[in-house]
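Hello,

Here is the structure I promised to pass on to you. Please have a look at it first, and then read on for what turned up in it.

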Amino acid sequence: MDVEKKSQRQCIFCHNFCKFSCAPYIATKNQKIIQTQKNYLIYMAEMEKIKANTDLGEAVYLCNDCRRCETYCVFENKKVIGNNRYARNLIFKEKLASDRVYEIYDNFIQYGNFLGEKKEAKEIRNSDKDKKYDFFIYAGEYVNFLAPEIKESFIKILTSLNKNFIFCDDEDPDGILALDLGMKELAQKLMENNFKKISRYKFDTLICLDPYSCYGFKNDYKDYGYEFDCGIIHYTEFLENNISDIKINKTDSHIKYFDPCMLSRGLKINDSPRKVLSFINSESNFDLIKNREESECCGGHLSLIFPDVAEAVSAGFLKELESYDDKTEVLVTACPLCLSNLSNVKKSGRFKIYDLAEYISRNID
Ligand code: SF4
Ligand code: SF4
């Protein structure tokens, strides 16, 4: 925890250089969201100079972990996610988080998913634990519950390519949301269960449909001692390597690409989705004004706890896009949370929003 402590102190003495990079702050003007404020309050609570309360509990969860402030941070030690997880774990254990956070916790315990839904995963292909596969597909909870079309589309693409793949019909949560929300002990249990379940199968490459799962498998799982003995990629990387083999109808629609935070700032995967798009589209530039590591945010997991703030963030982005761009017909992204959050506020009908997998699968010949 030493490095996180150091960056916590740096934030406390900083002049908020990242303030205007923070979409939830811009949307709400709530000072509590800013890293300086949050870290200062946590520090004071730790030192017992102030009493931690529900106000502080709200503050530490009013951040979507988009890491945009890291891009604009003036210090080398940027550990926003680590600081957030640390602060939330303190607050969670003190029972000072909002009710919604504890509802999500109870849903994990009772139903095995964050939404508390009893939902049967659709069986598309039977699994055989003794057979060796080229690819294991992990959809992740956001895909399974918020954007199942991503999974259906990607399965369609793999089938059209005649690939040798497998996926689990009753996937376990990856534990990353629980970790992000400060539920450290629960997260560890979920990671352990999921790791054991996936490890029962034999395959060469784990393809993640959700960038959060992909980042978690590559980093958090390793930190907790669960290291997969296989390649781990995001599905956009698979598409980049295989797009030329897909029989696809090319399109000349005006497309813009919305970089998902976790894909661009977390995994640093920026070129793969653009290369895939340039294969099927005559345009060569799919960039929004803010792109790649500077990309905007959709509101992320705030939609699960503070949906009004997430909606304000997504609506702010879409309004701005509509104000400077009258050509875009299709907005493509590559993350289930982005797809879900942006689609939830898309009212004007000016352009359609798709996940890249869905967009490709719709254009398969
Ligand atoms: S991670 Fe994103 S939401 Fe959180 S403080 Fe930084 S810019 Fe704001
Ligand atoms: S994240 Fe960086 S720029 Fe933002 S308040 Fe902390 S130290 Fe300053």
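This is a predicted model: local features need pLDDT of at least 70, side-chain atom pairs count only at pLDDT 80 or more; totals for chains, interfaces and linings use all residues.

Now for the overall picture. The protein chain holds 19 helices and seven strands. Its radius of gyration is 20 Å, close to the 21 Å that the globule rule gives for 365 residues, so the chain is as compact as a globular protein of that length. Along the principal axes, the C-alpha atoms fill a box of roughly 65 × 50 × 35 Å. Buried residues account for 46% of the 365 residues. If you take the contacts between residues at least 6 apart in sequence, 77% of them join residues at least 24 apart.

Next, the sheet. Four strands form an open sheet in the order β2-β1-β3-β4, and their pairing is parallel. At the edges you will find β2 (165–167) and β4 (231–234), each of which pairs on one side only. From one strand to the next, the twist averages 30 degrees. Strand β1 (residues 132–138) and strand β3 (residues 202–208) run parallel and are joined by six bridges. A handy place to begin looking is K132, which stands opposite K202 in β3. Helix α13 (residues 235–242) lies across β3 and β4, and runs at about 90 degrees to β4.

The model also comes with ligands, and here is what surrounds two of them.

- Ligand 1 has 14 residues around it, and the closest are C22, C63, C66, R68 and C69. Helices α2 (23–28) and α5 (68–72) each supply at least two residues of this shell. By class, the shell has eight nonpolar, three polar and three charged residues.
- Ligand 2 has 13 residues around it, of which C11, C14, F17, C18 and C73 come nearest. Here α1 (2–12) and α3 (35–46) each supply at least two residues of the shell. Nine of the shell residues are nonpolar, four are polar and none is charged.

Why does N39 count as buried? The cut-off is 20 or more other C-beta atoms within 10 Å, and N39 is buried because it has 26 of them within that distance. Leaving aside neighbours within four places in sequence, N39 is in contact with Q8, C11, I12 and N83. Of these contacts, Q8 is worth a look on screen: N39 and Q8 are 31 residues apart in sequence, yet 5.7 Å apart in space, C-alpha to C-alpha. C11, another contact of N39, is also one of the residues that come nearest to ligand 2.

I hope this helps you find your way around.

Best wishes

Technical notes
Residues are numbered from 1 along each chain as its sequence is written. Chains are lettered from A and ligands numbered from 1 in the order in which they are written. The radius of gyration is taken over C-alpha atoms; the globule rule is 2.2 Å times the number of residues to the power 0.38. A residue is buried if 20 or more other C-beta atoms lie within 10 Å of its own, exposed if 12 or fewer, and partly exposed in between; C-beta atoms are placed from the backbone. Two residues are in contact if their C-beta atoms, placed from the backbone, lie within 7 Å. A residue is near a molecule or strand if its C-beta atom, placed from the backbone, lies within 6 Å of it. Ala, Val, Leu, Ile, Met, Phe, Trp, Tyr, Cys and Pro count as nonpolar, Asp, Glu, Lys and Arg as charged, and the others, Gly among them, as polar. Two strands pair if DSSP finds at least two bridges between them. Axes are lines fitted to C-alpha atoms, for helices over the stretch in contact, and angles run from 0 to 180 degrees between N-to-C directions.
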